[in-house]
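Biologist: I've got a fold open on my screen and I'd like to learn how to read it. Could you walk me through it, starting with a single residue?

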Amino acid sequence: QVQLVESGGGLVQAGGSLRLSCTASGNIFSINYMGWYRQAPGKQRELVARITSGGSTNYADSVKGRFTIGNAKTTVYLQMNSLKPEDTAVYYCNANLRAATNLRYLEHWGQGTLVTVSS
């Protein structure tokens, strides 16, 4: 059973920084990509940033220049700087990976971690 466990959310003032981490555990054969989504109240879940196993990254326009995604084996990080109140949301870790017991790459999700940015 594959699990994604997130940490690092919390309350921060505008202009501050937070670092989110997510570790995939279980019998993992291969990871295609990992990333972060977020969902603010009353809004749809949106992609924040993604990194492939080869190190290619892409970011939402709203976070470019402020957020940095990185990875190390089965862990993905999101360094968030210059935070704004509009960054307030539940942040979800996402991974497209193949478990050792499965021939297919499937999407997996973490439970979410709340980031609140006060003005």
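Modeller: Let's start with Leu11. Leaving aside neighbours within four places in sequence, Leu11 is in contact (heavy atoms within 4.5 Å) with Thr116 and Ser118. One caution: this is a predicted model, where local features need pLDDT of at least 70, side-chain atom pairs count only at pLDDT 80 or more, and totals for chains, interfaces and linings use all residues. Residues are numbered from 1 along each chain as its sequence is written, and side-chain values use heavy atoms, with hydrogens and water left out.

Biologist: Is Leu11 buried or exposed?

Modeller: Buried means under 20% relative accessible area, exposed over 50%, and partly exposed in between, using a 1.4 Å probe and protein chains only. Leu11 has 64% relative accessibility, so it counts as exposed. Leu11 sits in strand β2, residues 10-13; strands are DSSP runs of E, at least two residues, numbered from the N terminus.

Biologist: And which residues touch the most other members of the largest nonpolar core?

Modeller: In soluble globular proteins, nonpolar side chains tend to be buried together. A nonpolar core here is a set of buried Ala, Val, Leu, Ile, Met, Phe, Trp, Tyr and Cys residues joined through side-chain atoms within 4.5 Å. The largest one has 30 residues, and Met34, Trp36, Leu78, Met80 and Tyr91 touch the most other members. Strand β9 gives the largest share, 6 residues. Beyond four places in sequence, Met34 touches residues including Leu4, Cys22 and Cys93.

Biologist: How many helices and strands does the protein chain have?

Modeller: 0 helices and 11 strands. Of its 119 residues, 40% count as buried.

Terms used. Helix = DSSP H or I, 4+ residues; strand = E, 2+ residues; numbered from the N terminus.
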